[in-house]
Amino acid sequence: MKYMPIVMPENIDKYFYNRNHELKILNANLAMLEDGIPNQFLITGNRGIGKTSLLKKLLKNQPDMFLTTYIDLSDIYGRQKGKLSEEEVIKEFLCLIEESIDKNTNTFKNAREKLFNTFNQLKLKNYNFNNSNLRDLPIPIIEDNYNKLSKYVMELPQKIVDSIEEIKGFIIVVDEFQLLKTLENPEAFFWLIRSYAQKQYNVSYIFTGSVSNTSEIIGMINGQTGAFGGRMFQLNINEFSKEQTKNYIDEKSNNIKFSEEGFERFYKCTRGIPSYINSFCNILPNNMVCTNEIIKESFKLNIDNIALLWLSVWGTLTDMEKELIILFVEKGEMDWTTILNNVTYSKVTLTKYLDILSNKGIIEYSADGKYYLSDIMLKRWLEIKHETRGRYPQ
């Protein structure tokens, strides 16, 4: 029986679909690392669109001459209970660089062992590296000095390339990068990365996140006055078309069939977003033609399973964030003044939370000056929960 995964599968190749064009673009640009041309990337797209699958596939297929590191900021964000710090991010960089070398134990045994010893000695406010070396790279003693720590970690990828003959490039993926907006000074952190990236000829950064193209953080990192000043290669991952969705289901599902109206309804519900396609297909019957009525009933009865990713996101939101989202569910799109007239807190507080929800990719700002929920699935999930229970989820 075929199952369409709702979490990241171990076998990426088995479930990967329809992103070969994007892979070709990314691989062509990354290949330039070997010649000392380091492109930097910004990849955006709706939550559940398949950004992580694309990047996992991308890194998996890189040649041995490129080291790769995948940093998921949501892991750090969760461990730190939503209080992300520059120090914790830099420490995670160091940890995952060590893991990258660890994957190549035979080739980089000496380097791996020395870096592992370094990492084990890392403490929250006392970076004592005991004058050890990473191959021929000196590792400094760092006593309570974030500046020296960040300098060491930011320079490390290029130094590894320069010191290990077999390595021609280093690719660093920073997923859920929008969470960097919660840092005390996110702009300064982007400038920190850019200041080192512009001097490194064999290191490429790929920033990716569930964030709208109108989000403030896009401007911070790649706007004309942002850290990278519009010089990043920017790629938005789009939803599947109707034809792509139909072909995807035919190839990957457990023989699910639709009537013409049923498929139209299915596509309207999922909007071609792979995460929703997978979760919806997993609850549909495979021994009958799914009509419009079957799709409507199944969607309503199984909304928690279909909108699963929003259940996990909802649990991480504050009461004030939830209150604002529910306001958008009930009122629809609104300009800033209308929102202010419908809440009880100050202008400063409203601006703060609109900014937070925007940077989390939950609301967007339209060209005509109105805010709205970025994902209809979130709106329908909340509406159905309210209809069936008489209240919104807590």
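Trainee: Is Gln62 buried or exposed in this predicted model?
Mentor: Start with its place: Gln62 sits in the loop between helix H3 (51-60) and strand S2 (66-72). Its relative accessible area is 11%. Buried means under 20%, so Gln62 is buried.

Trainee: How many residues of S2 are buried?
Mentor: Look at both ways the residues point. Phe66, Thr68, Tyr70 and Asp72 point one way from S2, while Leu67, Thr69 and Ile71 point the other way. All are buried. S2 is mostly covered, and the count is seven of its seven residues.

Trainee: What is the bridge partner of Leu67 in S7?
Mentor: S2 and strand S7 (residues 169-175) run parallel. Seven bridges join them. For Leu67, the partner in S7 is Phe170.

Trainee: How are H10 and H11 oriented to each other: roughly parallel or roughly perpendicular?
Mentor: Helix H10 (residues 242-252) and helix H11 (residues 260-270) have axes 11 Å apart. They pack at an angle of about 105 degrees. The range 65 to 115 counts as roughly perpendicular. Therefore H10 and H11 are roughly perpendicular.

Trainee: How do the residues of the contact of H10 with H11 divide?
Mentor: Lys242, Thr245, Lys246 and Ile249 come from H10. They meet Phe263, Glu264, Phe266 and Tyr267 in H11. The residues of this contact divide into four nonpolar, one polar and three charged.

Notes: Residues are numbered from 1 along each chain as its sequence is written. This is a predicted model: local features need pLDDT of at least 70, side-chain atom pairs count only at pLDDT 80 or more; totals for chains, interfaces and linings use all residues. Side-chain values use heavy atoms; hydrogens and water are left out. Helices (H or I, at least four residues) and strands (E, at least two) are DSSP runs, numbered from the N terminus. Buried means under 20% relative accessible area, exposed over 50%, partly exposed in between (1.4 Å probe, protein chains only). Axes are lines fitted to C-alpha atoms, for helices over the stretch in contact, and angles run from 0 to 180 degrees between N-to-C directions. Angles under 35 degrees count as roughly parallel, over 145 as roughly antiparallel, 65 to 115 as roughly perpendicular and the rest as oblique. Contact means heavy atoms within 4.5 Å. Ala, Val, Leu, Ile, Met, Phe, Trp, Tyr, Cys and Pro count as nonpolar, Asp, Glu, Lys and Arg as charged, and the others, Gly among them, as polar. Two strands pair if DSSP finds at least two bridges between them.
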